[in-house]
Amino acid sequence: MKLGIQIVLWLASIFFAYKIYDSINGPIKFNQVKNERYAKVIDRLKDIRKAQIAHKDVKGVFANNFDSLVKFVDEGIFTLIEKKDSSYLEYDRTYRIDMLREVIVIDTLGTVSVKDSLFSGTERYKKMAYIPIDGVQDSMFRIKSEVINKNGYNVPVFEVKVSKNIVLFDQNKDLVKQENETVSVDGVNGPEIVLGSLSNVSTNGNWPTIFDAKQN
């Protein structure tokens with residue numbers, strides 16, 4: 001009888017010790033996994049941003065789907081130009097004197113492919129659409145572009161995003177719920193990781209600067 005009680009107490013002690021350990025270690029491991037996955041997702045979003053900015057520079061608008069964006073990187077061409085300030089004297093009939101005129105001279109230097117300029121030596125841009133997390137490799141970012149009116153001007157904008165629930169699909173549900181409610185200067189706020197905006201002129205992401213310290 002006494003031995004049975006001792007075994008029960010011993011097992012209970014192990015169980016509660018594990019629960020205490022898990023309550024402390026669980027959030028630590030969750031944050032490690034979260035930060036590693038966020039870094040991978042954000043690195044891919046930075047590739048998308050580079051490609052989208054180039055797309056707008058060449059075509060005047062942002063791409064509205066990944067097929068168009070990848071095709072643009074494959075086939076797009078940058079025209080290299082050089083701008084120089086220059087001036088010359090021109091006779092002014094009103095004042096009857098030579099007056100200095102200032103102009104900007106634009107010279108075309110040549111062309112370079114978008115692929116070589118942005119992704120030289122790599123074809124990782126071909127995977128831009130896909131979330132780089134084991135277990136959800138077939139899931140894609142959501143992408144959309146529009147032209148909005150801002151202060152009387154038509155301005156191209158775009159947005160790319162992914163739900164944190166997808167990125168953290170196999171993690172503790174309670175911790176994921178807490179993460180979705182994050183409001184912090186050093187956190188990724190809200191339930192999604194977002195690049196750009198459909199309501200504001202921005203190519204920034206909603207992540208803190210710590211994720212920008214890592215160079216691709």
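This is a predicted model: local features need pLDDT of at least 70, side-chain atom pairs count only at pLDDT 80 or more; totals for chains, interfaces and linings use all residues.

Colleague: Of the contacts in the protein chain between residues at least 6 apart in sequence, what share joins residues at least 24 apart?

Modeller: The protein chain has 216 residues, of which 32% are buried. Where contacts link residues at least 6 apart in sequence, the share that joins residues at least 24 apart is 59%.

Colleague: Which element gives the most residues to the largest nonpolar core?

Modeller: This core has 38 residues, and those touching the most other members are Val-41, Leu-45, Ile-48, Phe-66, Phe-141, Val-160 and Ile-193. Two or more residues come from each of helix H1 (2-59), helix H2 (66-75), helix H3 (114-119), strand S4 (153-163), helix H5 (173-180) and strand S5 (192-197). With 8 residues, the element that gives the most to this core is H1.

Colleague: Is Val-162 buried or exposed, and what is its relative accessible area?

Modeller: Val-162 has its place in strand S4. Leaving aside neighbours within four places in sequence, Val-162 is in contact with Val-41, Ile-131, Phe-141, Arg-142, Val-167, Glu-192 and Ile-193. Because a residue counts as buried under 20% relative accessible area, Val-162 is buried, at 2%.

Colleague: How far apart in space are Val-162 and Arg-142?

Modeller: Arg-142 is among the residues in contact with Val-162. In sequence the two are 20 residues apart, while in space their distance, C-alpha to C-alpha, is 6.4 Å.

Colleague: Within what arc do the buried residues of H5 fall?

Modeller: In H5 the buried residues are Leu-175, Val-176, Glu-179 and Asn-180. Asp-174, Lys-177 and Gln-178, on the other side of H5, are exposed. Seen down the helix axis, the buried residues of H5 line one face, because they fall within an arc of 145°.

Colleague: Which residues are exposed on the other side of H2 from its buried residues?

Modeller: Phe-66, Leu-69, Val-70, Phe-72 and Val-73 are the buried residues in question in H2. These residues are on the same side of H2, because they cover an arc of only 155° around the axis. On the other side of H2, the exposed residues are Asp-67 and Glu-75.

Colleague: What separates the closest N and O atoms in the salt bridge between Arg-101 and Glu-90?

Modeller: The pair links distant parts of the chain, with Arg-101 in strand S2 and Glu-90 in strand S1 (residues 77-92), 11 residues apart. Arg-101 is partly exposed at 27% relative accessible area, and Glu-90 is partly exposed at 34%. Between the closest N and O atoms of Arg-101 and Glu-90 the distance is 3.1 Å.

Colleague: Is Asp-92, which meets Arg-101 in a salt bridge, buried or exposed?

Modeller: The side chains of Asp-92 and Arg-101 meet at 3.2 Å, N to O. Asp-92 has a relative accessible area of 12%, and so, with the limit for burial at under 20%, Asp-92 is buried.

Colleague: How many salt bridges does the structure hold?

Modeller: One of them joins the side chains of Lys-177 and Glu-181 at 3.0 Å, N to O, and both of these residues are exposed. Salt bridges also link Arg-142, Glu-159, Lys-161 and Glu-192 in a network. The structure as a whole holds 15 salt bridges.

Colleague: What is the area of the nonpolar surface patch made by Tyr-88, Val-103 and Val-105?

Modeller: Val-105 has its place in strand S2 (residues 97-113), and is partly exposed with a relative accessible area of 34%. The accessible surface of the protein chain comes to about 14300 Å², of which 53% belongs to carbon and sulfur atoms. The patch made by Tyr-88, Val-103 and Val-105 has an area of about 220 Å².

Methods. Residues are numbered from 1 along each chain as its sequence is written. Side-chain values use heavy atoms; hydrogens and water are left out. A nonpolar core is a set of buried Ala, Val, Leu, Ile, Met, Phe, Trp, Tyr and Cys residues joined through side-chain atoms within 4.5 Å. Buried means under 20% relative accessible area, exposed over 50%, partly exposed in between (1.4 Å probe, protein chains only). Helices (H or I, at least four residues) and strands (E, at least two) are DSSP runs, numbered from the N terminus. Patches are made of residues with over 30% relative accessible area and no salt bridge: like charges are joined within 9 Å, nonpolar side chains (Val, Leu, Ile, Met, Phe, Trp, Tyr) within 5 Å. Accessible areas come from the Shrake-Rupley method with a 1.4 Å probe; for residues, only the protein chains shown count as cover. A salt bridge is a side-chain nitrogen of Lys or Arg within 4 Å of a carboxyl oxygen of Asp or Glu. The arc is that of the directions from the helix axis to the C-beta atoms. Contact means heavy atoms within 4.5 Å.
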